[in-house]
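Colleague: I would like to learn how to read the features of a model like this one. Please take them one at a time.

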Amino acid sequence: MSVVVAIKPSARKRNAKVGKLVFEDGTRHAFESRAAAERWADDLSAGDGHVWVASAHPRDDGDADCYLVSRATNAKLEAAYDKRRRRLRGDAGSEQESLGGEP
């Protein structure tokens with residue numbers, strides 16, 4: 001039995017090794033089993049953005065059995081959002097200070 005894994009854009013954007021793999025070999029890869037595909041994903045994740053194998057939805061009409069996915073986030077933007085949210089809640093210490101230490 002062969003398991004076909006399609007690479008989603010989120011995985012390609014989050015993990016440089018995956019991006020290179022898509023460039024060199026395309027977005028579809030076949031494996032002998034789901035376990036083999038998961039080991040492949042673990043190897044790709046080593047030292048780079050975390051990717052994993054997710055099952056395709058039963059109603060998915062594509063030829064892929066699974067997808068290589070990742071959570072594409074921008075940590076800097078998320079941190080800025082958290083800082084703004086704390087400021088709006090009125091948390092202590094949320095005011096910006098100048099280099100001299102005075103607000």
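Modeller: Start with contact, which means heavy atoms within 4.5 Å. This is a predicted model, where local features need pLDDT of at least 70 and side-chain atom pairs count only at pLDDT 80 or more, while totals for chains, interfaces and linings use all residues. Residues are numbered from 1 along each chain as its sequence is written, and side-chain values use heavy atoms, with hydrogens and water left out.

Colleague: Which residues is Val-5 in contact with, leaving aside its neighbours within four places in sequence?

Modeller: Val-5 is in contact with Thr-27, Arg-28, His-29, Phe-31, Ala-37, Trp-40, Cys-66, Tyr-67 and Leu-68. For the protein chain, among contacts between residues at least 6 apart in sequence, 53% join residues at least 24 apart.

Colleague: How many helices and strands does the protein chain have?

Modeller: Helices (H or I, at least four residues) and strands (E, at least two) are DSSP runs, numbered from the N terminus. Here there are 4 helices and 4 strands, in the order β-α-α-β-α-β-β-α along the sequence.

Colleague: Is Val-3 buried or exposed?

Modeller: Buried means under 20% relative accessible area, exposed over 50%, and partly exposed in between, with a 1.4 Å probe and protein chains only. Val-3 has 6% relative accessibility, so Val-3 counts as buried. Val-3 is placed in strand E1 (residues 3-7). Over the protein chain, buried residues make up 28% of the 103 residues.

Colleague: Which residues have the most contacts inside the largest nonpolar core?

Modeller: A nonpolar core is a set of buried Ala, Val, Leu, Ile, Met, Phe, Trp, Tyr and Cys residues joined through side-chain atoms within 4.5 Å. The largest has 17 residues, and those with the most contacts inside it are Val-5, Ile-7, Val-18, Trp-40, Leu-44 and Leu-68. Two or more residues each come from E1, helix H2 (16-25), helix H3 (34-45) and strand E4 (66-69). H3 gives the largest share, 5 residues. A second, separate core of 5 residues includes Ala-6, Ala-64, Tyr-67 and Val-69.

Colleague: What does the side chain of Ser-70 reach?

Modeller: A polar contact is a pair of N or O atoms within 3.5 Å; within protein, one must be able to donate a hydrogen and the other to accept it, and residues adjacent in sequence count only if both atoms are side-chain atoms. The side chain of Ser-70 reaches the backbone oxygen of His-50 at 2.8 Å. Ser-70 is in the loop between E4 and helix H4 (75-89), and is buried, with a relative accessible area of 9%.
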